[in-house]
Amino acid sequence: MSPSSRSCPHPLPTAGLGLPYVQTRIFKIIVIGDSNVGKTCLTFRFCGGTFPDKTEATIGVDFREKTVEIEGERIKVQVWDTAGQERFRKSMVEHYYRNVHAVVFVYDVTKMTSFTNLKTWIEECNGHAVPPLVPRVLVGNKCDLKDLIQVPSSMALKFADAHNMLLFETSAKDPKESQNVDAIFMCLACRLKAQRSLLCRDLEGRPGQPRRLEPTHDANGKNSCPC
Ligand SMILES: Nc1nc2c(ncn2[C@@H]2O[C@H](COP(=O)(O)OP(=O)(O)OP(=O)(O)O)[C@@H](O)[C@H]2O)c(=O)[nH]1
Ligand SMILES: [Mg+2]
């Protein structure tokens, strides 16, 4: 996938009528984690704005998309809702990680095993050569089930810090939390846009250089998020 940027000085092709043709960039974001943590519901909430009446275990992968506007640019956020069950994901794993732009790790705040299993999901991600600069975020879902919470925020925050991730605690079910769910994906999209614009500007003064848009990072080696 080779996204283009409107902030680049390179001439844009025209759409036939003499109007500049602006290619919509696509950001591929994968959502992974144990089965039943709410990955499908979270992606449904972001892309469709509702909580599904009922869900079944995802088989392989489901794709959802939402076009968002960031600083005047339309960006297509392509969300890959992956299967948590091993038997439904085996043959697909390579596809999940290929050319991924960002990764969302999800656990269920009411189920400690879904949190302790995160290290296995991170290992899988690292094992598929996902570049360390690809932004990753951690999401604790089902916060509406207040009386059943097993994973304290402090523990999740420590884990997120140790892995250089932002933490979002939210609920796909509670409509009051929908902005919080949107924030997960919008934050990633903002980061990706900023990273790619920066690199594009870097290449301005170097004609003849291949125009590859890849994630960049700030002086501390951390991904910078403008949110
Ligand atoms: N209370 C509550 N239930 C939720 C929430 N999100 C999802 N659920 C429920 O959790 C169950 C599993 O949700 P899914 O979204 O299908 O889980 P998944 O992670 O996609 O599971 P796999 O596809 O098997 O990997 C369903 O019964 C949902 O209704 C939430 O925020 N709050
Ligand atoms: Mg699912």
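## Exercise 1: Around ligand 1

An oxygen atom of ligand 1 lies 2.7 Å from an N or O atom in the side chain of K39. Keep in mind as you look that this is a predicted model.

**Task.** Find which residues come nearest to ligand 1, and describe the make-up of the shell around the ligand.

**Solution.** 

Step 1. Start with the residues. The shell around ligand 1 holds 21 of them, and S35, K39, T55, G84 and D144 come nearest.

Step 2. Look at individual contacts. In S35, a polar side-chain atom is 2.6 Å from an oxygen atom of ligand 1. For S171, an N or O atom of the side chain lies 3.3 Å from an oxygen atom of the ligand. Taken on its own, ligand 1 has 650 Å² of accessible area, and the protein covers 87% of this.

Step 3. Sort the shell by type. Seven of its residues are nonpolar, nine are polar and five are charged.

Step 4. Ask which element gives most. Helix α1 (residues 39-48) supplies the largest share of the shell, with three residues.

## Exercise 2: The setting of helix α1

**Task.** Work out how many of the ten residues of α1 are buried, and what phi G49 takes just after the helix.

**Solution.** 

Step 1. List the buried residues. In α1 they are K39, T40, C41, L42, T43, R45 and F46.

Step 2. Draw the conclusion. Seven of the ten residues of α1 are buried, so the rest of the structure largely encloses this helix.

## Exercise 3: Salt bridges

**Task.** How many salt bridges does a search of the whole structure find?

**Solution.** 

Step 1. Side chains of opposite charge can pair when their charged atoms come close.

Step 2. Take the total. The search of the whole structure gives nine salt bridges.

Step 3. Examine E73 and R25. Their side chains form a salt bridge at 2.8 Å, N to O. E73 belongs to strand β3 (residues 73-82) and R25 to strand β1 (residues 25-32), so this pair ties together parts that are 48 residues apart in sequence.

Step 4. Examine E124 and R89. The closest N and O atoms of this salt bridge are 2.7 Å apart. Because E124 is in helix α5 (residues 118-127) and R89 in helix α2 (residues 86-89), the pair ties together parts that are 35 residues apart in sequence.

Step 5. Examine E56 and K54. In this salt bridge the closest N and O atoms are 3.6 Å apart.

## Exercise 4: The faces of helix α5

**Task.** Find which residues of α5 are buried, and which exposed residues sit on the face turned away from them.

**Solution.** 

Step 1. Begin with the buried residues. In α5 these are L118, W121, I122, E124 and C125.

Step 2. Look down the axis. The buried residues of α5 fall within an arc of 160°, so they line one face of the helix.

Step 3. Recall helix geometry. An α-helix has 3.6 residues a turn, so residues three or four places apart point the same way.

Step 4. Turn to the other face. Away from the buried side, α5 carries the exposed residues E123 and G127.

Step 5. Follow the chain onward. After α5 comes A129, with a positive phi near 55°.

## Exercise 5: Positive phi in two loops

**Task.** Where do E71 and N99 lie, and what phi does each take?

**Solution.** 

Step 1. Find E71 in the loop between β2 (61-70) and β3. E71 is not a glycine, yet its phi is positive, about 45°. The residue is exposed, with a relative accessible area of 72%.

Step 2. Find N99 in the loop between α3 (93-97) and β4 (102-108). N99 is not a glycine either, and has a positive phi of about 55°. With 48% relative accessibility, N99 counts as partly exposed.

Technical notes: Residues numbered from 1 in each chain as written. Chains lettered and ligands numbered in written order. Predicted model: local features only at pLDDT ≥ 70, side-chain atom pairs only at ≥ 80, totals over all residues. Heavy atoms only, no water. Salt bridge = Lys/Arg side-chain N within 4 Å of Asp/Glu carboxyl O. Helix = DSSP H or I, 4+ residues; strand = E, 2+ residues; numbered from the N terminus. Buried < 20%, exposed > 50% of the residue type's maximum accessible area, 1.4 Å probe, protein only. Arc of directions from axis to C-beta. Near = heavy atom within 4 Å. Polar contact = N/O pair within 3.5 Å; in protein donor to acceptor, adjacent residues only side chain to side chain. Areas by Shrake-Rupley, 256 points an atom, 1.4 Å probe, with all protein chains shown as cover. Nonpolar A, V, L, I, M, F, W, Y, C, P; charged D, E, K, R; others polar.
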